[in-house]
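Here are my notes on the structure shown below. Please read them with the model open beside the text.

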Amino acid sequence: MAEPRKSSAKAASTFDAERHLDMMAALVDMPVAEAHRDGVCQNLARIHAMATLVFEADVPENTEPASVHRP
Amino acid sequence: MTDIHSIAASVRSGRRSARSVAEETLARVEAGNRALNAFTHVFHERALADADAVDRSIAEGRNPGPLAGVPFGVKNLFDVAGEVTLAGSIINRSNRPAARDATAVARLRAAGAILVGALNMNEFAYGYTTENSHYGPTRNAHDPTRSAGGSSGGSATAVAAGLIPLALGSDTNGSIRVPAALCGIAGLKPTFGRVSRAGVYPFVASLDHVGVFARSMAEVALVYDLLQGADPSDPACRQGVVEPVVARIDQGTDGLRVAVADGYFRETVSDEALEAVDAAAGALGIRERVALPNPAAARAAAFVITATESGSLHHARLRTQADQYDPLVRDRLIAGALVPAHWYLEAQRFRRWFVDELNRLFDQVDVVLAPATPVPAPLLGQQEMTVAGTTLPTRTGLGLFVQPLTLNGMPIAVVPWHPPGRLPVGVQIMAAPWREDLVLRVAQALEERGFGAGVATAEQQEVRHA
């Protein structure tokens with residue numbers, strides 16, 4: 001079993017929700033109406049904060065994703 | 001109205017007709033639903049036709065089933081043959097009617113139960129408050145100014161108000177456990193894969209569970225046993241294992257290692273919710289506490305997985321019909337559709353670690369208790385709540401203690417704690433995957449020691465309004 005690791009630079013970034021929205025929306029072909037932008041950005045910031053908590057968790061490096069879920 | 005066992009016994013013995021039960025139930029639903037908005041559709045003709053079929057079975061000497069004549073409702077994401085499955089949305093109104101009942105609905109109807117209606121929910125099951133911009137909020141039967149919890153709030157309110165004795169709901173991040181607690185009734189989220197989800201509108205494929213609301217654990221156990229069984233139509237349930245629990249829930253807690261969840265679960269929590277857990281520990285005579293593995297990150301991983309999978313599920317319609325989504329849900333789904341794969345896969349890696357760690361923990365203890373929600377029911381429309389000095393958004397904060405615990409698919413029951421003159425809260429009772437028997441034994445023991453549901457009568461509702 002590998003030693004626990006801290007995920008590297010992944011956690012340390014400053015998150016720009018507006019920029020993220022513009023780039024990802026273009027990549028996945030998701031038009032976002034002007035009226036919806038603020039709400040989407042707030043939710044992106046919340047998801048990013050949650051993802052950061054996950055990045056900071058000590059999970060051994062060789063842990064596989066639980067893509068096939070068996071309780 | 002009375003309990004599931006009594007209704008079935010009276011119908012099976014011929015003391016009452018299923019039709020009279022159905023007629024009485026439909027009248028009660030019509031009268032009681034106006035103030036609570038639990039039902040989005042009432043199936044008058046279907047219910048009376050099904051009740052007549054049960055009565056004919058009895059007249060012809062056939063077995064009408066263990067739930068003969070028992071009225072029930074389903075969260076409106078369950079397929080009902082001939083009806084359009086709304087899942088709390090207006091977009092789905094243009095879908096074709098369901099060709100057949102969801103497996104869970106079919107199993108209850110085959111057991112003689114009478115489907116009387118479909119129940120309100122957060123749009124596409126995304127939320128903890130059953131505030132729905134299309135169909136209005138469902139109100140808490142104990143105080144109609146307050147939330148019923150969600151997303152299966154219609155199911156919980158209908159049972160708590162005594163409109164029906166039984167309802168089905170779904171639980172992806174706590175959508176059975178939160179409303180059961182805030183409405184003060186019994187709820188069960190079985191092990192992931194135990195009960196078929198075929199014909200249930202999806203939210204997050206790897207987290208979606210089907211479960212039961214009733215007013216006692218004995219009733220929950222009876223229905224849960226009837227819902228079990230393999231179903232090739234649900235990939236998670238294909239190899240379903242049938243392990244009936246009804247005969248086992250009265251075995252008591254002697255010999256069981258029960259502990260209270262420590263740390264995270266005792267920090268951002270109200271006095272009322274903590275009192276419930278400590279009362280449960282006191283009732284069972286337990287002092288042990290255990291720390292669950294990184295619950296904050298478990299909640300975060302579930303949050304990321306939920307956002308990503310649901311955003312992907314709705315991607316095509318969000319591109320062209322975003323304006324038809326509930327504004328309370330739309331922006332969350334769009335944001336979820338923009339999550340990078342790396343965030344999602346890191347959450348799934350964490351999940352694997354969490355599952356393994358929890359399995360190790362269940363080598364040491366059999367059952368763990370934790371609060372279901374940080375607070376009793378918040379007011380409808382309440383944007384924030386302050387809990388133990390911490391301010392949380394109400395719509396996500398209600399999931400603080402349920403969301404971390406869906407990740408490993410373990411069975412969890414909620415028993416209500418409802419002191420007179422107060423709003424109810426709930427205690428989560430969890431065990432290793434596939435050990436519903438242990439969960440229900442402890443839940444039953446607590447019901448025998450002062451936990452459990454009361455009925456919010458019309459008189460009580462008026463007193464609260466006065």
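Is Asp29(A) buried, partly exposed or exposed? Asp29(A) counts as partly exposed, at 44% relative accessibility. In these notes buried means under 20% relative accessible area, exposed means over 50%, and partly exposed lies in between, with a 1.4 Å probe and protein chains only.

Two remarks on the basis of the notes come before the points. The model is predicted, so local features need pLDDT of at least 70 and side-chain atom pairs count only at pLDDT 80 or more, while totals for chains, interfaces and linings use all residues. Residues are numbered from 1 along each chain as its sequence is written, chains are lettered from A and ligands numbered from 1 in the order in which they are written, and side-chain values use heavy atoms, with hydrogens and water left out.

1. The salt bridge between the chains. Asp29(A) forms a salt bridge with Arg319(B), and the closest N and O atoms are 2.9 Å apart. A salt bridge here is a side-chain nitrogen of Lys or Arg within 4 Å of a carboxyl oxygen of Asp or Glu. The count between chain B and chain A is one salt bridge. Arg319(B) counts as partly exposed, at 32% relative accessibility.

2. The extent of the interface. Chain B brings 45 residues to the contact and chain A brings 38 residues, where contact means heavy atoms within 4.5 Å. The area buried between chain B and chain A is about 3600 Å², and carbon and sulfur atoms give 71% of this. Buried area is the accessible area (1.4 Å probe) that two parts lose on being put together, summed over both. In chain B, the residues that lose the most area to chain A are Leu338(B), Trp343(B) and Arg349(B), together 22% of what that side buries.

3. Polar contacts and helices at the interface. The rule finds nine residue pairs in polar contact across the interface of chain B and chain A, both residues at pLDDT 80 or more. A polar contact is a pair of N or O atoms within 3.5 Å; within protein, one must be able to donate a hydrogen and the other to accept it, and residues adjacent in sequence count only if both atoms are side-chain atoms. On the side of chain B that touches chain A, helix H9 (295-313), helix H10 (315-321), helix H11 (327-337) and helix H12 (341-364) each supply at least two residues. H12(B) gives the most to this side, with eleven residues. Helices (H or I, at least four residues) and strands (E, at least two) are DSSP runs, numbered from the N terminus.

4. Chain A. Chain A has two helices and two strands, and along the sequence they follow the pattern β-α-α-β. Of the 71 residues in chain A, buried residues make up 42%. Within chain A, Asp22(A) forms a salt bridge with Arg37(A), the closest N and O atoms being 2.9 Å apart. Asp22(A) lies in helix H1 (residues 17-27) and Arg37(A) in helix H2 (residues 34-55) of chain A, so the pair ties together parts that are 15 residues apart in sequence. Asp22(A) is partly exposed, with a relative accessible area of 43%, whereas Arg37(A) counts as buried, at 13%.

5. An aromatic pair in chain B. Over all chains the count comes to ten aromatic pairs. The rings of Phe265(B) and Phe401(B) have their centres 5.6 Å apart and their planes at 40 degrees, so this pair is tilted. Rings of Phe, Tyr and Trp (its six-membered ring) pair if their centres lie within 6.5 Å; planes under 30 degrees apart count as stacked, over 60 as edge-to-face and the rest as tilted. Phe265(B) is in the loop between strand S9 (258-261) and helix H8 (271-284), and Phe401(B) is in the loop between helix H13 (394-397) and strand S14 (412-417), 136 residues apart. Phe265(B) counts as buried, at 0% relative accessibility, and Phe401(B) counts as buried at 0%.

6. Helix H4 of chain B. In helix H4 (residues 103-110) of chain B, Thr103(B), Ala104(B), Val105(B) and Leu108(B) are buried. Among the elements that cover the buried residues of H4(B) are strand S2 (71-75), strand S3 (114-119) and helix H7 (217-227) of chain B. Gly112(B) follows H4(B) and has a positive phi, near 100 degrees.
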